[in-house]
Amino acid sequence: MDVDLLGFIVDYAGKRGASYAEARLHVIDYLEVTSRNGELIGIGSWRSSGIGIRLIYNGVLVFAAGEASSREEARSLVEEAIAKAKAGAGFRHGLSEERLGRARYELKPVKPLEDVSIEEKTSLHREAWESLVGRLREAKPAAFAVEYMEAHEYKAIVTSDGAFIESSIPRVSLFANITLASPQKGSIQRFIELGASGGYEAVESWRLSERVAEEAGEMEEVLMKGVEPPKEPVRVVLGSEVVGLIVHESCGHPMEADRIWGREAAQAGESFVKPDMIGRYVIGNEQATVIDDPTIPGSFGYYLFDDEGVPARPRYLYLRGVLNEPLHTRWSAYIFNTHSNAAARAMDYTSEPIPRMANTYLAPGDMSLEELFEEARDGVYIKNYMEWNIDDIRWGQRYVGLAAYRIRNGELAEPIRNPAIEFTTKWFYSNIAAKSKKVEFYAGLCGKGEPMQGVPVWFGGPHVLLNPLKLGVAPK
Amino acid sequence: MNPVELSTRMVKEALKQGFDEAAVLIEAGKRCMAKFANNIVTVVQYWRSYQASIYLAKSRRIYVATITSSRPQDMVEAIRNARRIIEKLGESQLYAELPEPTGKPLGGLADPSMEDYMDKASELALEAVNTALENGASKAAGTIDLASSIVALATSRGAELKEEVTYMKAYVRAFGPKTTGHWAYASTRASEEAVRETARIAAEYASLKLDIVDIEPGRYDAILSPLVAGNLVDEVGRSASALHVMMGFSPFAKYKPGEKIGAETITIIDDPHDKALPGSRGFDDEAVETKRKPIIERGVVKTLLHNTKTAAKMGAETTGNAGWIDPHPWNLVVEPGDAKLEEMIREVKRGLLVLNNWYTRYQNAYEGVFSTVTRDALIYIEDGEYKGIVRRLRIADTIPNLLSGVEMVGRKPYDVSWWEVPIPTRVPYMLVRGLRFTKPVV
């Protein structure tokens, strides 16, 4: 497949009467190595390669995807898309007018993935297992699984109104499941997810073996010595990992403009945010500033132009406690009579571009972590989590801590097992008492759309001190 | 070249390149989806898909290559790339020889009219909207999803198999004055009447004339709709994969075949042979004959789901559920009971009817400790009668508790699949005693 075919598709669709046409050549090469208890299960490669076309024809929005390696195949894909578009529905879709990019960019890794041997990529599984086994004193590993994934994503996008964007981004990720068991105490489980754009230098920076040993040590302590969370309301310090997830779920998702309009109503749901609340509604205090920024170098959600050709920039979703700026694509911006802020992302060639987050984080504060603990005095520290979920308007949510500790006299004390926090979005953003100065990021695959699209994102923030809150506990 | 010939040719190519074994699975087809919201069609999506998955083994090492191309030269290149890498790998702990082919196509899984319906996907979507509005809803959202494909499989043990399959999946969310309704449908056959019925049920729930009531968190008897029961049965079905058990993702690590995990009322079957359910197939990815079998029978674990590899590792027999690496259920069926929905409602002194849920996540998948968020109509029941609509609560419990609490299973099953029920599932309403509900405390 070549890029010239994209211009042909866009021209041909225009000649056939489409008021807008967009063609995206999208190729992702994956390599995946999976293991259990340090021993290899297998290796898999996956090449997802094809063309995604989006047309507006008679006011109907149509997306079509397939192989198209020749003009003949491309023409027939356009014709089949138009055949579907003819069964219209009365509503006329459009796209906002934007200054569109004409650019090529490439993320050059420090250590290209192809320069690292497969032996090295498989050896990190065994080393992590040995590190885990070497760290445990009382509990036994019930299961330990590691998945290493690398991906090269190439895209070329041409639109009928002048965009041309060509990009090449390598990404790496690691997933580990640590499950520990004790005959007396039951079991405890932790999923570690790491991800970045770039080359093998990111994998090396994660120091998987050390991380596994450290986390397994924390897990063992919680499993063997963890007590029930306090019953009375207490101040809670949340780790960056928990804070990052909270802002992803309770700020990023409800500020997706398609959800606000209702396009995802039957899938991921609507949003507590209504169009007339933008710029007015107070969701929290002065500490509540949440940014989504696709341009952070090395981030898992990194891009410089979105999949509609719009140049990327940081978006201030909540600004000092006010609903500020939704995530817009050209499709949603047209409906809201505003401009896109480059949130259009498509998972692969089979996927339509829709409003998505990239790298979402809570703005930092000015305290050290020690100062946060001192400020909490008598409270609970929830460092990380396992279970979480949020309702379909992004209001009521729950996070269950994994590595969690009592804070006594401003210092960490005994471990706590399975503390659950369950609050509304407004309560969280209105009860941020203090924040630490250091922002840390965590990786995930964010799911949305129909068919489901999983796109790489970072979420993060500082540590946060919350006003007193009554804790629950996960069931046994 | 047709997919069967191509898959056979690629198996030969792999053997020529020095692999000990090979299997090639090609899925080629068309799919059209009309998505609607706010009473309009928001997008029509159409896919012309071709995917070749190539299993390769050499000296007990395993490589699986997948490409989205129909070009033989791309498949040959994928095989050559695998050849360069595979000898640098260690042996797979899961390796087992590909088995003798025993599977054969079921046939009768394709609706010849499905491709014609694809050109009418938007019209079906608008039919769903209109039906919802006619039945009292103020707006509707949802999806009409139509697909037609050929699955071709060749293996180095001599399998050359083909199955033609189609499906229609439809789901509708309807909005009313106090609450929303949701319903879903899945079949190998296209049916305009099924679309209307799906929209009608969603709209009936949306139009319930009940006041909003507030209840405290705690344990309640719960009638789970086929959507909720379907989501949780899917969780159970997927965690029955022997690989999930080995990887620590499943409560079946603790509850082994022969042990009791639930009440006598609950039987969950993996059924690949039902010609109405879209997951059916006569052969698995190793060309083994698929079969209908209970995963849980009257509350007792009967079998995990195996391919040849997990079976060899765990000293069992394949159950015809390959996935070359990860076994999976085909369709899930909950054996119906004899209760009518009205009888279940009458049995509830203080409880809830839960129409829909999403976002099921685990604190500990090894123990089955989970929570899931209710959505759409959540109906408070007192002394056997609907009393009001409750705003979103959360079910927070364990899979063994859930299965142990099943007291009644409805007599009427529904064939459902949607965003939160990915595996086609045939399931009635269920009454579960003492399920734990939570909600935000602030």
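How much area do domain 1 of chain B and domain 2 of chain B bury between them? The points below work through that interface.

1. This is a predicted model, where local features need pLDDT of at least 70, side-chain atom pairs count only at pLDDT 80 or more, and totals for chains, interfaces and linings use all residues. Residues are numbered from 1 along each chain as its sequence is written, chains are lettered from A and ligands numbered from 1 in the order in which they are written, and side-chain values use heavy atoms, leaving out hydrogens and water.

2. Chain B is assigned domain 1 (3-204) and domain 2 (211-442), with bounds from an automatic or database domain assignment. Their C-alpha centres lie 23 Å apart.

3. Now for the opening question: the two domains bury about 3,700 Å², 66% of it on carbon and sulfur atoms. Buried area is the accessible area (1.4 Å probe) that two parts lose on being put together, summed over both. On the domain 1 side, B:Leu94, B:His182 and B:Trp183 lose the most, together 18% of what that side buries.

4. Counting contacts (heavy atoms within 4.5 Å), 47 residues of domain 1 of chain B meet 46 residues of domain 2 of chain B.

5. Across this interface there are 3 salt bridges, each a side-chain nitrogen of Lys or Arg within 4 Å of a carboxyl oxygen of Asp or Glu. Have a look, too, at B:Asp211 and B:Lys178, whose side chains form a salt bridge (3.5 Å, N to O).
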